[in-house]
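I opened the two chains in the viewer and kept notes as I went. The entries follow the order in which I looked things up.

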Number of protein chains: 2
Amino acid sequence: MQFKDHTIEEIDSIMNKAWKAFPIYRNTSLDDRASFMKAIAVELENAGDELIHTAMQETNLPEARLRGERGRTIFQLNSYADACLQGNWLAATIDTAIPEKTPPKPDIRKMQVPLGPVVVFGSSNFPFAYSTAGGDTASALAAGCPVIVKAHPAHPHTSTLVANAILTAATKCKMPDGVFAHIYGTSFEIGKALVMHPYTKAVGFTGSFTGGKQLFDWSNQRKEPIPVFAEMGSVNPVFLLPDKLTTDCAQIALMYAGSITLGAGQFCTNPGLIIGIESAALQKFIHDLGKAIQQIAASKMLHNGIIKAYKEKKAAALLQEDVHLVAESSSAVDSLEALPTIATTTANAFLQNPLLHQEVFGPFSLVIRCQDMAQMVEVAQKMEGQLTATIMTSNAEFSKNPELVEAIQNICGRFILNSVPTGVEVCLSMQHGGPYPASTDSRFGSVGADGIGRFCRPLAFQNWHNDLLPAALKDENPLKLWRRVNNEPSKN
Amino acid sequence: MQFKDHTIEEIDSIMNKAWKAFPIYRNTSLDDRASFMKAIAVELENAGDELIHTAMQETNLPEARLRGERGRTIFQLNSYADACLQGNWLAATIDTAIPEKTPPKPDIRKMQVPLGPVVVFGSSNFPFAYSTAGGDTASALAAGCPVIVKAHPAHPHTSTLVANAILTAATKCKMPDGVFAHIYGTSFEIGKALVMHPYTKAVGFTGSFTGGKQLFDWSNQRKEPIPVFAEMGSVNPVFLLPDKLTTDCAQIALMYAGSITLGAGQFCTNPGLIIGIESAALQKFIHDLGKAIQQIAASKMLHNGIIKAYKEKKAAALLQEDVHLVAESSSAVDSLEALPTIATTTANAFLQNPLLHQEVFGPFSLVIRCQDMAQMVEVAQKMEGQLTATIMTSNAEFSKNPELVEAIQNICGRFILNSVPTGVEVCLSMQHGGPYPASTDSRFGSVGADGIGRFCRPLAFQNWHNDLLPAALKDENPLKLWRRVNNEPSKN
């Protein structure tokens, strides 16, 4: 099967269809929308072994991982469908009239309404969960927005099978023509045409900084700028506090050797920087971590472009002044295999060298040795925005270092205590997103049902007759929503 | 008293102070923050007649209006302080651990945290409510962000008195040095330096499209782009449906003559476009509206720049093909007085002429005559984003025209039924903001306590020990917040 790039004319016709589908789709009931999303989950399951085998061929990811990831994607679709139906994302708010006030206060009600067609650029490292039927697609569909997915060029067959599953579900659920579309494009121009199209009202993206920043810049050059939610990865620093390290050195080293090499390091939450304070315990930690890493076999990366970038960025990091290789796994047998690697440097070198702040996507981690706590605080303060930051600490030393805790809070979207950043739970309290450049909009995240909010805006209805109001705002609360009524949460 | 522009060096020093104040201020209790905001309200009252008289001199606004506006500003400060204390804006969310899950689900909790120092550019038309101690300042302070206000060059004395009130309250409440700063600047460079400063983390603005767009563009040119909440006004279209117009013609004309000329038309919600369908009723409406307008005396605008722009933009509109003057109020006696004016044109002319879509800031309104309902729908579809849109309709004809209702919903932030857009109630369900270019970010509004959310981002805490968690997220709920616990609202 060959994948021909869509033409600019075809994209225009697809966007016109999506625009026509929008008023129909936005007016579907929450019930119908949730059923559609659940039907997509069923079709993904129905896609059976063929889908798994196709993804294995295109991504080099192992079968168990891909079966697990499909399960996660199905869980996402079902749980966002449940959230869609529960309707808390509508943020329905009612202030009833106070005619005796001077001037009289009118009846005003507010709820979230969908923005319009959403263009989704999926990631290569999660061919299911952050791709064609991934979190962005599920969130946008829950919000009432038609979705246009540009297939990731690294897994077009997988993307096509998933797109077909979505289209089958759309037909079965009698969704309007144009509610979903799938586009092929390897050229720069296709992405640009999609972002610049006047009927595109928001963009979801998971991938590199270069890619996300480009979409963001295009969007801001539009006559009508639109929100771009680009999750662009990060180095996910881990701060090792001295007492904790002394107590649990070997255990932490083992835990992190696992986290660094999980999925060949191809996670946006991979811990790329580990920051400690010079001590015998830190020396021992570096030694233990290096030893553990050497024993972990190299594994295949997603595609040639990614292994090439890994090798180049790792080599560049190792060439920097004061950066030393600690350990590397035994040599690879396949040209796609990435060698897990640990290097170390001083905080002085790190603070002076912006290159060391950049992500090396893959199983690579750099241990930064600080002279003292003051320098550890400085390292935290000088870091760019991150998806996650982790602190390994005892309760006592945590409380003694408020300045460090403050600095870490400022740079991350998720703050982890005594654990690892890999593993992104799909739940309401998850925040997957962080201060720039981790993502383009730190006020939103791309995992968990709160991500639906990215594709909505509030609309207030003033002085409306109850019969004419949308169901979510009617006096009798037919959808049985939790609403804010005259400043208090209420289900009545 | 002379106002010298701050230098770039002074701005840098002020921003450094704000950055140092941030970790202290963000860690104040909700109680202390609310007390600070209420103390500002008290000091505004204490500023007494001097404040009113100074504002009268600088803005030409009448005394009663300014006393009313100060009252509104005090109400805003108090009500956002109450909202700050109530803490719903924290969106505290808890998902407890499920250790038996595969893989085990960790405990994750999420809440809103402040972004950092916020730069506020106030408006000239609301010297209190949307200026130095206005909604943006109150929202940012509630969120835990230090605020830097650039005084509006049209009312520097008024702004200084208000800034002094804020600084007095800060001292009395022992707030950290740098929690608030006041900057003078008439040059372009001052605004740019404020938006581009690395310690600025968000911008609030109320004013013209040109001004807001410039701030937005600067922000996107930063190494770290930041959110800009620019409320840039709109033409606030009013759609007259035939049955309603036939029934209530004279009454609607009278109501709108009042709304168009309220405050010399200097409201961002001023109705600048009125759209009807050709009929005897519409002819009568235009006649009645013109007659009513003629009887309304001209009143003074804010300053020379604004009256000049009003005269020029009105003249330009009247020069367009197919645009006809309907009525103008009797001639002005003062050079600052704006003549209330009604003009009319056809939908064909409107659809072909982008100039007629632009705001004429002041007491001017253009009546657009459509051939039929299809053309009215087309007019709605072709409009840019608006703060408000209004429909004058009977229930029966509303229900018969879903396409029009759909088109209007798509272009506005607040949708009003059988009333006027002027008058912006301060409450939770208000949405003051709309699709671009009404504002730069339609997902947020600048009136009502939900505006606090503009200056926050979610931060997730994973695997934290209860003792170390922020109060808002502790098991025992010491702040007695409404929280989302395992997907359900709860106060326990």
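In what sense do strand S1 (residues 93-95) of chain B and strand S18 (residues 483-485) of chain B pair, and over how many bridges? I looked this up before anything else. They pair in the parallel sense, over two bridges. Ile94(B) stands opposite Val485(B) in S18(B). I note here that the model is predicted.

**Entry: the sheet**

I then traced the sheet these strands belong to. It is an open sheet of twelve strands with mixed pairing. I wrote down its order as S11(A)-S13(A)-S14(A)-S9(A)-S8(A)-S15(A)-S16(A)-S17(B)-S2(B)-S1(B)-S18(B)-S19(B). At the edges stand strand S11 (324-328) of chain A and strand S19 (488-490) of chain B. Each has a single partner strand, so one side of each is left without a neighbour in the sheet.

**Entry: strand S14 of chain A**

Seven of its seven residues are buried. Phe364(A), Leu366(A), Ile368(A) and Cys370(A) point one way from S14(A). Ser365(A), Val367(A) and Arg369(A) point the other way, and these are buried too.

Next I checked the partners of S14(A). Strand S9 (residues 273-277) of chain A runs parallel to S14(A), joined by five bridges. Within that pairing I noted Ile275(A), whose bridge partner in S14(A) is Ile368(A). Strand S13 (residues 341-346) of chain A also pairs with S14(A) in the parallel sense, over six bridges. There, Thr346(A) has Arg369(A) as its bridge partner. I followed the chain from S13(A) through helix H12 (residues 347-352) of chain A to S14(A), and the three make a right-handed β-α-β unit.

**Entry: the contact between the chains**

I listed the contact residues: 51 from chain A and 51 from chain B. On the side of chain A, the elements giving two or more residues are strand S1 (93-95), strand S2 (108-114), helix H14 (395-399), helix H15 (402-411), strand S16 (412-417) and strand S17 (456-462). The largest share comes from S17(A), with six residues. I sorted the residues on this side of chain A by type and got 23 nonpolar, 16 polar and twelve charged. S17(A) also pairs across to the other chain: three bridges join S17(A) to strand S16 (residues 412-417) of chain B, and the two run parallel. One bridge there has Ala460(A) with Arg414(B) as its partner.

**Entry: chain A as a whole**

I counted 15 helices and 19 strands in chain A. Its radius of gyration is 24 Å, close to the 23 Å that the globule rule gives for 492 residues, so chain A is as compact as a globular protein of that length. The C-alpha trace spans about 75 × 65 × 40 Å along its principal axes. Buried residues make up 58% of the 492 residues.

**Entry: helix H7 of chain A**

I looked at helix H7 (residues 188-196) of chain A. Its buried residues are Ile190(A), Gly191(A), Ala193(A), Leu194(A) and Val195(A). They pack against several elements of chain A, including helix H1 (8-26), strand S5 (180-183) and helix H8 (209-221).

**Entry: Phe36(B)**

Why does Phe36(B) count as buried? I found 25 C-beta neighbours inside 10 Å, and a residue is buried because 20 or more such atoms lie in that range. Phe36(B) sits in helix H2 (residues 30-46) of chain B. Beyond its neighbours within four places in sequence, Phe36(B) is in contact with Leu141(B), Ala169(B), Ala170(B), Cys173(B) and Met175(B).

Most residues other than glycine have a negative phi, and most peptide bonds are trans. I searched for exceptions. A cis peptide bond joins Tyr436(A) and Pro437(A), with omega about 5°. Pro437(A) is in the loop between S16 and S17 of chain A. Another cis bond joins Thr102(B) and Pro103(B), with omega about -15°. Asn486(A) has a positive phi of about 45°. Asn486(A) counts as partly exposed, with 13 C-beta neighbours inside 10 Å.

Terms used
Residues are numbered from 1 along each chain as its sequence is written. Chains are lettered from A and ligands numbered from 1 in the order in which they are written. This is a predicted model: local features need pLDDT of at least 70, side-chain atom pairs count only at pLDDT 80 or more; totals for chains, interfaces and linings use all residues. Helices (H or I, at least four residues) and strands (E, at least two) are DSSP runs, numbered from the N terminus. A residue is buried if 20 or more other C-beta atoms lie within 10 Å of its own, exposed if 12 or fewer, and partly exposed in between; C-beta atoms are placed from the backbone. Two residues are in contact if their C-beta atoms, placed from the backbone, lie within 7 Å. The radius of gyration is taken over C-alpha atoms; the globule rule is 2.2 Å times the number of residues to the power 0.38. Ala, Val, Leu, Ile, Met, Phe, Trp, Tyr, Cys and Pro count as nonpolar, Asp, Glu, Lys and Arg as charged, and the others, Gly among them, as polar. Two strands pair if DSSP finds at least two bridges between them. A crossover is right-handed if, with the strands pointing away from the viewer, the path from the first strand over the helix to the second runs clockwise.
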